[in-house]
Amino acid sequence: MQKRMLGVLTIFSISFFILAYRLFDISILNQKHFGSKQVNLIERSVAQRSKQFRIDNGRGKIVDVNNQILSAEYSPKVILFPILNEVNWPIDKLSTITGVAQSDIQRQLKENKESFVLQNIKNELTPDKIDEINLLHVPGLISMVSEDNIQSPKVVLFPFLKNTKWPIDKLSTITGVAKADIENQLVEHKQSFTLQNIKTNLTPSIVQEINSLGVPGLISINNNQIAEHLIGTTGENEELFKEIHPNEKYDRKVEIGVSGLQKKFEGFLFSDRASNLILHVDNLGKPMFGNEVKYAKASNPFYPVTLQTTINKDIQILLEQAADQAKLQKGAIVLLDVKTNKLVGMVSRPLMNQTDLYHQGDISANNYALESATPGSVFKTVIAAAAIDQKVVTQNEKFNCNLTVRGNNQTDPKKRFGSLSFEQSLDQSCNFTFGELGQRLISKNDDMYDVYAKKLGLYGPVGWDGPVYHDSAFKQFQNEYPAVIWKDIQKGTRLRESRARNTAIGQLNVKVSPMAVANMMSTIARGGSPKQVKVVNSVKYKNGTDMYTFNDNTLSEDYLNPETMDKLREMLRGVVTDPKGTGHDYNTLPYEIAGKSGTAQLDEVKAKYNKWFAGFFPYSNPKYAFAVVGLDVNSDFAVVKDTVKKMVNNLYLYETKNH
């Protein structure tokens, strides 16, 4: 009997010590890293007895050159917690302030089991109205500006509309906003803004109806972020998280950069804590601790940081409007500041497929502004520069442009141009002339194409790179493709006439990115050494002081002499002014344009082409350099022409009417 009692006591003692150790382990030793999954028990406990609403993800912000936020959208909201179903509160006052019927508020409270944003608000949430709501001092009711977790459709207007004639009556009818209200909002804003007090639900068909008005400076945006391919996306990815942050504990709620600037600058933008509204409740779901909603955010005075880019948000919106109105389905626009060589705007199409991004076969996440493509006759700009500099063209020389690039008789009547000078050959894009000049250049030096592509800033990658802290070769752009001129051939075979001639007109293996082409045009417009393209100016601490500043970098110290550049600029202007020039359609635009077109045949059977136009403006005092490409388009497709025209017209209105 005693042995049996001793055995039971021993088992009981061992069980007690195991239980005590387990409780000690949970409450003291490993309360923040419990079990094989490293669970934070304190956070789980808080989550169990609290209701939360996320204000933002806590990551560093990406802003434009004027400090307008690019990486997310923020708007004023009214946030309600379901506990309001259980208490008496002045619902009538909230209804009066917001314009939402009491019955609608009650319906939304019953339908939501978690904290939510009040919908169907009729009155604009001005700072005064936000204060009025918060002064009600209702537990579970708060109004503030927070991140839009889901990009919602919006109508964006530019102030220059008040100085132009446009169908404001139609917009008023479509949106339900009074004409006088629209006019007042235009007067109140100095930058692009989101139209307030919209009564109509912005369905995809309504968005399309607004955009079909075709008004420069009026654009309705669906669910996509501005400059989404450049800014990139964030998400929850454990494998990628551990690769980038090997010393950090993975939390399923932590977002990391997956693409674009979000990924390239992950080391700067990362934050392990989101900003939340928290309402503590007891086991019955009733409020605790003074019935107040708490605002929990990172307490570090220096973080999160802000990434200040070179992008102009207003111009970016206008570029995207130009692309969409011209129905650019696959392609890109790149716009650079000629003086600084900084990126002003970048558009890639198609839009990101937000519902099924990165699935197999999906191309919507590709940034075509950074991917290499066959440039066609745009590459003749390089050959023209080399021909001028190397003096392989004799004065008054004429070329037989009734011949093909290889010197055979041209059977297509549309491509028989007769006898043309060197300048006329660039204007009309005569393949024979540039095939002949390419042959002469390669005969002198089989590296000639490469040398002049580098002198002009075309030989990519052209994006900013350099040492940043421990990274000796940090690159600002993600997945920028290099330039290809020759591929998988011995140098000696470049002398073969067919290779030299076809490469000279931008065919065969030549591939360059739209950003590299825009960089070439910027170099020509500015003169001097080609520069790297910069998209981020600096990283700033939370208090506004600089954490890191990115210097301006040259791409190459080798450059063309001023006389060659002057001649080249003059010839590129001739492409537009010559009545037979391939860019003559742009001669009526409000700015004087200089540039070069390009058509690269991709598939002879399916008749698919890459269509290009790249250049700079205004010609006499260049401010912007650009490249526009439509990829895999039909031969008669005018998408690039329409995109360029709409882009230049939009920028003209912005520059002249907006200020």
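Me: Where is the place of Pro350?

Reply: Pro350 sits in the loop between S15 and helix H14 (380-390). Helices (H or I, at least four residues) and strands (E, at least two) are DSSP runs, numbered from the N terminus. Before we go on, this is a predicted model, where local features need pLDDT of at least 70, side-chain atom pairs count only at pLDDT 80 or more, and totals for chains, interfaces and linings use all residues. Residues are numbered from 1 along each chain as its sequence is written, and side-chain values use heavy atoms, with hydrogens and water left out.

Me: Thanks! What is the peptide bond from Arg349 to Pro350, cis or trans?

Reply: That bond is cis, with omega near 15 degrees. The bond from Gly460 to Pro461 is cis too, with omega near 5 degrees. Pro461 belongs to the loop between helix H17 (448-455) and strand S18 (465-468).

Me: Why point those out?

Reply: Because most peptide bonds are trans, and most residues other than glycine have a negative phi.

Me: OK, phi then. What is phi of Asn396 near?

Reply: Phi of Asn396 is near 65 degrees, a positive value in a residue that is not glycine. You'll find Asn396 in the loop between H14 and strand S16 (398-400). Tyr469 also has a positive phi, about 55 degrees, and is not a glycine either. Its loop runs between S18 and strand S19 (471-475).

Me: Is Asn396 buried or exposed?

Reply: Asn396 is exposed, because its relative accessible area is 68%. Buried means under 20% relative accessible area, exposed over 50%, and partly exposed in between (1.4 Å probe, protein chains only). Tyr469 counts as exposed as well, at 51% relative accessibility.

Me: And Ser259, buried or exposed?

Reply: Ser259 has a relative accessible area of 10%, so it is buried. This serine lies in the loop between strand S10 (256-257) and helix H11 (260-264).

Me: What does the side chain of Ser259 reach?

Reply: It reaches the backbone nitrogen of Thr233, at 3.1 Å.

Me: New topic: how many cavities of 30 Å³ or more does the structure hold?

Reply: One. A cavity is a set of points, on a 1 Å grid over the protein atoms alone, where a 1.4 Å probe fits but cannot get out; lining residues have an atom within 4 Å of a point. The largest cavity has about 50 Å³ of space, where a volume is the space filled by probe spheres set on the points, and grid points are joined across faces, edges and corners.

Me: Which element gives the most to the lining of the largest cavity?

Reply: S15 does, with four residues. Among the lining residues are His229, Gln316, Met346 and Arg349.

Me: What is the order of the three strands in the open sheet?

Reply: The order is S7-S6-S8, with antiparallel pairing. Strand S7 (193-194) and strand S8 (218-221) are the edge strands, as each pairs on one side only. Leu157 stands opposite Phe193 in S7.

Key: Two strands pair if DSSP finds at least two bridges between them. A polar contact is a pair of N or O atoms within 3.5 Å; within protein, one must be able to donate a hydrogen and the other to accept it, and residues adjacent in sequence count only if both atoms are side-chain atoms. On a 1 Å grid over the protein atoms alone, a cavity is a set of points where a 1.4 Å probe fits but cannot get out, and a pocket is an open set with protein on both sides within 12 Å along at least five of seven lines; lining residues have an atom within 4 Å of a point.
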